[in-house]
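Please read the numbered points alongside the coordinates.

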Amino acid sequence: MKRIGVLGLQGAVQEHLDMLGRVENVEPVLVKYKSDIEYIDGLIVPGGESTAIGGLLADFELTGPLKVRIESGMPVWGTCAGMIILAKNIANDERRYLEAMDIEVMRNAYGRQLDSFTTSVDLPGLSAGKIPLVFVRAPYVVSVAPQVEILLKLDEHIVACRQGHMLATSFHPELTADLSFHRYFAGMIK
Amino acid sequence: MTERYELNKNLAQMLKGGVIMDVVNAKEAEIAQKAGAVAVMALERVPSDIRKMGGVARMSDPKMIREIQSAVSIPVMAKVRIGHFVEAQILESLSIDYIDESEVLTPADEDFHIDKHAFKVPFVCGAKNLGEALRRIGEGASMIRTKGEAGTGNVVEAVRHMRTVTSEMRKVQGASKQELMTVAKEFGAPYDLVVYVHEHGKLPVINFAAGGIATPADAALMMQLGCDGVFVGSGIFKSSDPEKRAHAIVKATTYFNDPAVIAEVSEELGTAMDSIDVRELSGNSLLASRGW
């Protein structure tokens, strides 16, 4: 069994836990304390508000231990706000959080709630059919370092990318019924 | 179920486990964001001041709302009077992230709430019981909150409303399928939404606590009672140390099941807002009785 944690400070936590519960050979784990971090094989940083999640990461001294585990190779996946938390650079914000991925992101890149949208795409290698994508006040990636693999672009903007054991998506697979990305992430865990 | 309505429910899901704070200017909005608020409610006067000043309370000045929108990166909400769909049109034109059709403002219509399906922008509405929650959802609300009794610093009404919704949901769940139409009639609730609650044991949208939350312990109480997050109105910026209290309520909302954390953040918060015993209020000063 792979123990996959979901950072449970704020946001769409239960949604990710529910999705993980449907993936074969995965035990979903709620991560709220330093002691939880030692016992997981991978971690999802969910959508929510990055300023709220980032502040709580610092307040409860989770930033350091998480950085250590990510640097030593623990697979991690950030969705929406989670992408901002993982990024080394944020184009329109001075705050920095886990600073793990060599990507520069733009927060609220599409605008306000009226600009939130859904679409669906073919992603060969990840899923046989079309995958629904939900963007809620979403960020996108402005630029990536050479070692970052771009998984998906939408209208010229990078919305999914992977750097070795780290994955980031602008959209929310946990708000759909489609398990493709959760299966893909579970596959990143050896 | 339109795609837009789903997206609006999705935004509410992103607010879960968080605190939404009332602010009256850009400076307070920045303090709220820094303390870890997941959204701010932009309004000219917090509920306790609305109580004191009396008169008609209306939607806030659009200029003030715009200033707050440009001051913070978190979602910005604002209130309209019950039934005042033109105030809602104005807020939609400002690209507000969420509209609160609120009993805290003076109702503009005593019979009809806004047809929220007519808008692209999402709405949150207050409810005292399950029937009221389902009526608002039927009208298009994509998020519900308890009404509580705003501006009192007294959590008793929020507790009552949350407990009422929970126990009525249990009743709906326990009813047999053939009883559901009669239940819908008793609650004055749309039949399809009663069926949803029967099948899922929860509301189809998220449900926050609001009205009277003044301390970290109040916030944790509402979370343990099953709320998805909390609104704090007058409780923060009417207290003696808003920054510290805001931060403490955020932490207590996340670690609502951890008394040690709640104890720690409750230390030396200074004095809470001026509070009112709800039993001393009557008639028109009971805000929760506005709307139906």
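1. Chain A places 34 residues in contact with 35 residues of chain B, contact being heavy atoms within 4.5 Å. The model is predicted: local features need pLDDT of at least 70 and side-chain atom pairs count only at pLDDT 80 or more, while totals for chains, interfaces and linings use all residues. Residues are numbered from 1 along each chain as its sequence is written, chains are lettered from A in the order written, and side-chain values use heavy atoms, without hydrogens or water.

2. About 2,800 Å² is buried between chain A and chain B, with 54% given by carbon and sulfur atoms; this is accessible area (1.4 Å probe) lost on putting the two parts together, summed over both. In chain A, the residues losing the most area to chain B are A:R112, A:Q113 and A:L114, together 26% of what that side buries.

3. Three salt bridges cross the interface of chain A and chain B (side-chain nitrogen of Lys or Arg within 4 Å of a carboxyl oxygen of Asp or Glu). A:R137 and B:D97 form a salt bridge through their side chains, at 3.1 Å from N to O.

4. On the side of chain A that touches chain B, 13 residues are nonpolar, twelve polar and nine charged. Here Ala, Val, Leu, Ile, Met, Phe, Trp, Tyr, Cys and Pro count as nonpolar, Asp, Glu, Lys and Arg as charged, and the others, Gly among them, as polar.

5. Leaving aside residues up to four places away in sequence, B:M222 touches B:V155, B:A158, B:V159, B:M162, B:A209, B:I213, B:C227 and B:V230.
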